[in-house]
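Me: I'm new to this structure and would like to learn how to read it. Could you walk me through some features, one at a time?

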Amino acid sequence: MTRYIARRLAFSALLVVAVSSASLVLTRIAPGDYVIESTAGQASRLRIEKERARYGLDKSIGAQYRDWLAAAVRLDFGRSMQYDRPVRDLIPERAANTAILALTALLIATGVGLPLGIVAGSRRGGLVPGAIRSASVVLLSMPPLLTSLFLVFVAARTGWFPIAGMRSATIPAGGEVLDLLHHLVVPAAAIGLPLAAMLERLQAQAMSQAIGEPFVLATLARGVPRSRVVWRDALKAALRPVAAIYGLIVGALLSGSFAVEVISAWPGLGTLMLGALRTRDVYLVAGCAGAGALFLAFGTLVSDVALALVDPRVSETAAEGRAGA
Amino acid sequence: MRNNLVTRRVGLVLVTIAVAAAGTAPFIAPHAVDEHFGGLLNAPPTIPRLIDADGSWHLPFIHRSNRVSQLEQRYEEDRSVRVPLVWLSRGRLVRSANEVDAPLLLLGADSYGRDVFARLVFGARISLGLAATAALGGMLIGASIGGLAGYYGGPMDEVLMRAADFVMVLPAMYVSLALRSVLPLVLGARDVFVLLAAIFAIVGAPSIARGVRAIVRSERRLEYAAAAQALGASDMRLLARHLLPAARGFLAVQITVLIPAFIVAEATLSYVGLGFPDEVASWGTMLHDASTNIRVFADFPWLLSPAAAMFLVVLGLNLVLQEDRRGDKTQTP
């Protein structure tokens, strides 16, 4: 187990370093740089040279990367050109916003998807499982881009929920937390509902498979009430395959949150990175990518370790086939 | 099981309609993609009717939309005049008899006064064409990598699969975004098409490579592979003629999974302004036009029709893909 965790940690570190390095180098070799993009080609040659020197863009890629890496080891990730602030100060707040959004979405997905999946999977035919299944098929065809457009449309029409941003300009009655929750509804549901549909399908499949196992029939034959068999015995067997998928969900959460952040103007990592990419704000791009990779590494690590604790078979095979699942 | 057959057929119909609409766009669209109607900015759909205000029946006709408020861009139908529809004129399936004052706008007009329906069917060419091209490309790359890795094994297999794993862990949307934005930000439509197809293919290839590798690896051990080799088939022939065809079913499923993802990826990139240039009609750029103020979707819901089209195509593909979950060996007591 310890060896397994150590190996996973090493992979996580590699992931973060590789992703931020790659994005730094890629953004640097991309045509155009911050000075060109921000002055729109209007500045004099002399000023461009001066600005470039200020940001360290006059160095060769190798030298710039070396300096950045040397500074990054001391937790100095460079200065954002666009905001004229250290990247280290900019990222945490945005990353926290993305984390709030992603975790709420995950909560919605789990809270909605798993129970419905258990209900749908434990019965054969009937109106309720059919309705759940149809709703899932529809939602599975609506990726976050579409759900958020749809929910924004509904929210704007009815005026029930705010459609953009994270906080109101003035703190309304009810306090800051309630205001934040109010703003969370649309973007979190937009990411969470398609995921809930996916979890529901998986859980239903695992459930109907578990119920077909001989031990369930045996328990039923002993006279244990059906609901107890479903919600206790079969569920225990059916949770494992679903738990395995959580490691892969982290990536889907981040991908989904990008579209949603842009559409509902959520001040998270995705919108920060988009702005940085468009202005060629090299260090900020690398910082955002690194933070995203950290998220990803942390999420997969937690879910993998949790899975390994539940199911000892995993730690032996996981290093080999996790991503292929 | 019968239920499944019906839904699968519904899915097939949805996909066929979308592909047919894309194929026949110049015929079924009443207008060109860039035709502006200056007096009809954000005009609502003109609804083809059969019964006029007095209750008598006619051949299909429409009413003219008159602007009531320029500021709010509200329109009202002029019920007093019937504008008949003209079929099969000037190479178009159907047009209004009075195209200048009362054009046929089946899905309304966008903020530049362009026909949303025309842009939707022409946009299907780009959106669906790009997704299909990228999926085919991803399949070619993935199948070759997976085939080689599975056939030869050894260190090459190790390196290729590690690399594939690495790309697969990353969120696909961010990889596409990063790859797209390190290329020149402003490009022509043709270049964007090729670049996006290449990027999506690269992002989609690893999962295909992994699956193909597993299939080739296990097929290679079977007797027919040994027999072919004994008869003198070269490595390449064995791989291409005998082993890769075993992955056909897997590849077909993967393509149906990738195409919806690519349609949405194009839309997302175009939405944030990193996809096709604005004058090109794709489902993403159509949404992009309205993205400056998200509220326009609430005031002019027909601007969401590309999102609805995307939903229907993705739903169609999902329904086609649906596996038989009922009727298999599991039984509910």
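Me: How many aromatic pairs does the structure hold over all chains?
Reply: Keep in mind that this is a predicted model. Over all chains, it holds 7 aromatic pairs.

Me: And how do I read a pair like that?
Reply: The general idea is simple: you describe two aromatic rings by the distance of their centres and the angle of their planes. Take A:Phe258 and B:Tyr174: the ring centres are 5.5 Å apart and the planes stand at 65°, so this pair is edge-to-face.

Me: Where do A:Phe258 and B:Tyr174 lie?
Reply: A:Phe258 is in helix H10 (residues 226–263) of chain A, while B:Tyr174 is in helix H5 (residues 172–181) of chain B, so the pair joins two chains.

Me: Does A:Phe258 count as buried or exposed? And what about B:Tyr174, buried or exposed?
Reply: Buried means under 20% relative accessible area. A:Phe258 has 0% relative accessibility, so it counts as buried. B:Tyr174 has 13%, so it counts as buried too.

Me: What does the pair of B:Phe300 and B:Trp302 look like?
Reply: Here the centres are 5.8 Å apart and the planes make 55°, so the pair is tilted. B:Phe300 and B:Trp302 are both buried.

Me: Which charged end sits over the ring of B:Tyr151?
Reply: That's the one of B:Arg220, 4.2 Å from the ring centre. You can look for another case at B:Phe61, where B:Arg82 lies over the face of the ring at 5.7 Å from its centre.

Me: Let's turn to strands. In what order do the 4 strands of the open sheet in chain B come?
Reply: In general, strands of a sheet pair through backbone hydrogen bonds, either parallel or antiparallel. In chain B the order is S1-S2-S3-S4, with antiparallel pairing. The edge strands are S1 (49–51) and S4 (92–96) of chain B, each pairing on one side only. On average, neighbouring strands of this sheet are turned by 45° against each other, direction ignored.

Me: Over how many bridges do S3 and S4 of chain B pair?
Reply: Strand S3 (residues 74–89) pairs with S4(B) over 4 bridges, in the antiparallel sense.

Me: Last one: where is B:Thr46?
Reply: You'll find B:Thr46 in the loop between helix H2 (25–28) and S1 of chain B. Its relative accessibility is 4%, so B:Thr46 counts as buried. Leaving out residues up to four places away in sequence, B:Thr46 touches several others, among them B:Ile62, B:His63, B:Pro103 and B:Leu106.

Note on methods: Residues are numbered from 1 along each chain as its sequence is written. Chains are lettered from A and ligands numbered from 1 in the order in which they are written. This is a predicted model: local features need pLDDT of at least 70, side-chain atom pairs count only at pLDDT 80 or more; totals for chains, interfaces and linings use all residues. Side-chain values use heavy atoms; hydrogens and water are left out. Two strands pair if DSSP finds at least two bridges between them. Axes are lines fitted to C-alpha atoms, for helices over the stretch in contact, and angles run from 0 to 180 degrees between N-to-C directions. Buried means under 20% relative accessible area, exposed over 50%, partly exposed in between (1.4 Å probe, protein chains only). Contact means heavy atoms within 4.5 Å. Rings of Phe, Tyr and Trp (its six-membered ring) pair if their centres lie within 6.5 Å; planes under 30 degrees apart count as stacked, over 60 as edge-to-face and the rest as tilted. A charge sits over a ring if NZ of Lys or CZ of Arg is within 6 Å of the ring centre and within 35 degrees of the ring normal.
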